[in-house]
Amino acid sequence: MYKIAVIPGDGTGPEVIREGLKVLDAVCKKMGIEMEFANFDFGGGRYLKTGEILPEGATSELRKFDAIYLGAIGHPDVKPGILERGILLRLRFELDQYINLRPVKLYPNVYTPIKNKGPEDIDFVVVRENTEGLYTGTGGILKKGTPDEVAIQTSINTRKGVERCLRFAFEYARKRNKAKKLTLCGKTNVLTYAFDLWERAFNEIGEKDYPDIARDYVHVDAMTLYMIECPEKYDVVVTDNMFGDIITDQAAIIQGGLGVAAGGNINPEGVSMFEPIGGTAPAFTGRNEINPLAAIGSAGMMMEMLGEQKAAEAIEKAIMEVTPKMKSMRAAEMGYSTTEVGDMVVREI
Ligand code: IPM
Ligand code: MN
């Protein structure tokens, strides 16, 4: 019996999670898997009502689960940063989910803005470091509001943090068994301390423990260009937290947009949290028009992480049967409602 914590969150989060749960229910029934869900109301709504961002003991409570399934966090009436830092990043950090895994896969008949590229060209995975870099909140502001104001925000890169992320990426490239190639995406020409550490660790670990995996390096600025020009060059890409955040939004658009981009915050030794990479989409909240496929794909990734390979494959296969029937991956343009897309996936399963 798997125990799953569900955090629907804000905006369209609850709508897409509802569909994801429907799909999980169908796949569990079909495959004889038992899964139990517990709901947590963390998010902007709760914060505005109670003033509490994340209740005391929330992370220790969440540690008791096999995985966490999350919709989206963020609220138009709350200053940016409060909920993101106080809930999403706090959970990633405290649960030590040091990998943010973001597959970039163009499904059949999904529109990509890149001319002359198809599903055979767009199929790579970004391994984003998820607990360090610019995201740690290290730094501060001096003399705030004065002409002498100073703002410092430091990128933290530890050998341990970098190494565990690189090892995960090498292992992933091996397990994926496609081009068996790992690309380090960095900025060694400017960030000469941070990416010096990354590059040395990358080459040392690769040479010693992963001679079967080809190594490649790309500067992050060039990556944004190549991702459009020749996405087929990439198999597994590993990068730091900030660069990973940025390049995966661009990657999302070449795979059809945030409506299909799934992701997982992974602690291979602990509790992982699966979430669509798009946000709360306030403009579509409550309209039953948002695309649930990213959330459904994230549920598939959760199954894979739990070791339920067959269930994961069934979910992905079902998604690939449904995308050709949809008019678009964009909210309100799908030709179907959120509920109907969820139902179609369930039917395929
Ligand atoms: C993401 C999001 C988050 C991030 C925000 C909401 C804090 O953009 O998951 O990519 O920057 O990591
Ligand atoms: Mn992002």
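Which residues surround ligand 1? In this predicted model, local features need pLDDT of at least 70, side-chain atom pairs count only at pLDDT 80 or more, and totals for chains, interfaces and linings use all residues. Residues are numbered from 1 along each chain as its sequence is written, chains are lettered from A and ligands numbered from 1 in the order in which they are written, and side-chain values use heavy atoms, with hydrogens and water left out.

Ligand 1 is surrounded by Glu84, Leu88, Arg92, Arg102, Arg128, Tyr135 and Asp245. A residue is near the ligand if one of its heavy atoms lies within 4 Å of it. Helix α4 (residues 82-94) gives the most to the shell, with three residues. Helices (H or I, at least four residues) and strands (E, at least two) are DSSP runs, numbered from the N terminus.

An open sheet is formed by 10 strands in the order β2-β1-β3-β12-β11-β4-β5-β10-β8-β9, with mixed pairing. Two strands pair if DSSP finds at least two bridges between them. The edges are held by β2 (35-39) and β9 (214-219); each has a single partner strand, so one side of each lacks a neighbour in the sheet. On average, neighbouring strands are turned by 25 degrees against each other, direction ignored. Strands β1 (residues 2-9) and β3 (residues 67-72) run parallel and are joined by five bridges. Val6 stands opposite Tyr69 in β3.

Strand β4 (residues 99-105) contains Asn100. Asn100 counts as buried because its relative accessibility is 1%, the cut-off for buried being under 20%. Its side chain makes a polar contact of 3.3 Å with that of Asn130. A further polar contact, of 3.2 Å, links the side chains of Asn100 and Asn265. A polar contact is a pair of N or O atoms within 3.5 Å; within protein, one must be able to donate a hydrogen and the other to accept it, and residues adjacent in sequence count only if both atoms are side-chain atoms.

Terms used
Axes are lines fitted to C-alpha atoms, for helices over the stretch in contact, and angles run from 0 to 180 degrees between N-to-C directions. Buried means under 20% relative accessible area, exposed over 50%, partly exposed in between (1.4 Å probe, protein chains only).
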